[in-house]
Amino acid sequence: DVIGVLFKTHKDLSDDIIKVILSEVLPKYVNPQASTFESRMAIYIADDMIEFLGMEKLVNIWTDLFKLLVTMMDKEDHVLRQAAAYGGGVFAQYTTQNFDMYALDLLKGLKEAMKYKPKDEDDEEDWGLAHDNIIASIGKVIFYHHDCQIVKDNMSDLVENWIINLPLKYDVLEAEKQHEWLSNMVLLKRELIPIKCLPHSFKALVKIYKAKI
């Protein structure tokens, strides 16, 4: 958390700690011998670097951070998957050039991440947070990179997959933006919504109306 706040508030003073993270922390935390806790820490740090430092500052390692996230998206551990899926969304949001280099692998990773189901009631919230972040990341790909040719080619399937999984139920912060985007799409870009998804889109809006989400 402290490292994330440092990146967020003192971006220009973070060069030394970035060097330590790249040379010492991530190599230790990203390897077959790493514990689940260490893998989580690696993803959290990568997420914060992407979100708060941005592509311009990290251009030399941007692809490496992406590969780390995609590798972790299909993990059975819900917390690992949630962190990696969230990172995929912020990666899409903050990739300001050459997104077509990453689009196909990112979409494959998110699709693979959706295959898991909760094992029991105690497992449901962690699964739900992961699932919500997967859907939110699909939404970010749609809305930040609708001009990318790979996204255009897959737009109908992406929008369908996104809408049928709305509203989000577990991640309130992600839900607010995703539901706003759904409302805007219904109002302004309804032609993007597959006809078979229109009934569900309206049902989702009814559920969202006057709700915390």
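**Terms and values**

Reply: In the protein chain, 65% of the contacts between residues at least 6 apart in sequence join residues at least 24 apart, a contact being heavy atoms within 4.5 Å. This is a predicted model, in which local features need pLDDT of at least 70 and side-chain atom pairs pLDDT 80 or more, while totals for chains, interfaces and linings use all residues. Residues are numbered from 1 along each chain, and side-chain values use heavy atoms, without hydrogens and water.

Me: Why is the pair of Y144 and W181 called edge-to-face?

Reply: Rings of Phe, Tyr and Trp (its six-membered ring) pair if their centres lie within 6.5 Å; planes under 30 degrees apart are stacked, over 60 edge-to-face, and the rest tilted. For Y144 and W181 the centres are 5.6 Å apart and the planes 80 degrees, therefore the pair is edge-to-face.

Me: What makes this pair a tie between parts apart in sequence?

Reply: Y144 belongs to helix α7 (residues 124-144) and W181 to helix α10 (residues 172-188), so the pair links parts 37 residues apart in sequence. Helices are DSSP runs of H or I with at least four residues, numbered from the N terminus.

Me: How do you know whether W181 is buried or exposed?

Reply: Buried means under 20% relative accessible area, exposed over 50%, and partly exposed in between, with a 1.4 Å probe and protein chains only. W181 has 9% and therefore counts as buried; Y144, at 36%, is partly exposed.

Key: Helix = DSSP H or I, 4+ residues; strand = E, 2+ residues; numbered from the N terminus.
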